[in-house]
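Student: I have a structure to read, and I would like to learn how to read its features. Can we go through it together?

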Amino acid sequence: MRSSGLLLLNFLFFFFSPILTAKGAFVGTYGINYGRIADNIPSPDKVVLLLKQAKIRNVRIYDADHTVLQAFSGTGLDLVVGLPNGFLKEMSSNADHALTWVKDNVQSFLPNTRIRGIAVGNEVLGGGDSELSGALLGAAKNVYNALKKMNLEGTVQITTAHSQAVFADSYPPSSCVFKENVVQYMKPLLDFFDQIGSPFCLNAYPFLAYTYNPTQIDINYALFKPTEGIYDPKTNLRYDNMLDAQIDAAYMALEDAGFKEMEVMITETGWASKGDSDEPAATPENARTYNYNLRKRLAKKKGTPLRPKTVLKAYIFALFNENSKPGKSSETHFGLFKPDGTISYDIGFNSLKSDAPSKLRAMWHHYSSLSLFSS
């Protein structure tokens, strides 16, 4: 009886014990996406200097490139690495491959490289590929289980970023729900993320919303400039900028799906400084206005009208203009910095000081773990 009782107690402990959750991949409120689809941007070592100079601690990359991971070693910068969409089916169907990937691209660089998150895929749901959508949850679970085997699940957070394509409607915010063809994949994914304490990550672009609907949207509303805004009669809330409305729309969709307590984090937002003829809002002045006002808004460390106590966190897209990105001209002109490290426009950052004395660089590298970052 005693032996059976102990077995039962052990079973109950392991079955009902809470899953350990990562502490979070984000410090402060301001981060940056370090995209590298370009043949003319600075080396990762120089990028580290630029980020430190700008006091930007939170950084996302879209893969797990080892030259980048090595350059970030000992810097004190917090990094989220990406598992590209092309790996999802393999990682979903083969747990051993997920284990090997995590060992090679995460565990082997810790703790010197502060990898704080893994973004499993990007904008998968709502994209029309049912096989890829079906593989997302399995890949996320296998990557998480790999972290768990290495006792890293409390250090490295699992996320995935969604586009606006997962929503059926987002105007006004209170009307937002997930698309019917997305719910079958989204609901179990949210169940899993709720268990492990991961946020809902959203790529939100007022630039794109305005570009597609210039006659229906006030550009001042998209740029955080003074405007009448919109009023949501269901919630009795008023919005003076589009980004807050997009975020609260996501909160309403989550609430409708049964996840009222899940945090929404912005994993991409930005404004292009140049575009094609059908993208007239893509100008240096508009890009400067959006990113300057966004930086001020994040510095206030406040929430949205619907979630005023949940401080908004956002990764800006992007660090550099990326000249090799496919698509419209705007895709290559989202950078806060030009390829040579000079600023694209002034929002309070300085150009890369490439002539910084080598002693200062060495001192930064040595004492970076003791540095405090304001962003």
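Tutor: Start with exposure. Buried means under 20% relative accessible area, exposed means over 50%, and partly exposed lies in between (1.4 Å probe, protein chains only). This is a predicted model: local features need pLDDT of at least 70, side-chain atom pairs count only at pLDDT 80 or more, and totals for chains, interfaces and linings use all residues. Residues are numbered from 1 along each chain as its sequence is written, and side-chain values use heavy atoms, without hydrogens and water.

Student: Is E131 buried or exposed?

Tutor: E131 is exposed, at 56% relative accessible area. K89 is partly exposed, at 38%.

Student: What is a salt bridge?

Tutor: Side chains of opposite charge can pair when their charged atoms come close. The cut-off: a side-chain nitrogen of Lys or Arg within 4 Å of a carboxyl oxygen of Asp or Glu.

Student: How many salt bridges does the structure hold?

Tutor: It holds 13. One of them pairs E131 with K89, with the closest N and O atoms 3.1 Å apart. E131 lies in helix α6 (residues 130–149) and K89 in helix α4 (residues 88–93), so the pair ties together parts 42 residues apart in sequence. Helices are DSSP runs of H or I, at least four residues, numbered from the N terminus.

Student: Which residue does E331 meet in a salt bridge?

Tutor: E331 meets K325, at 3.3 Å from N to O. E331 is partly exposed at 30%, whereas K325 counts as buried at 18%. Elsewhere, salt bridges with shared partners join R36, D63 and D65 into one network.

How values were computed
Helix = DSSP H or I, 4+ residues; strand = E, 2+ residues; numbered from the N terminus.
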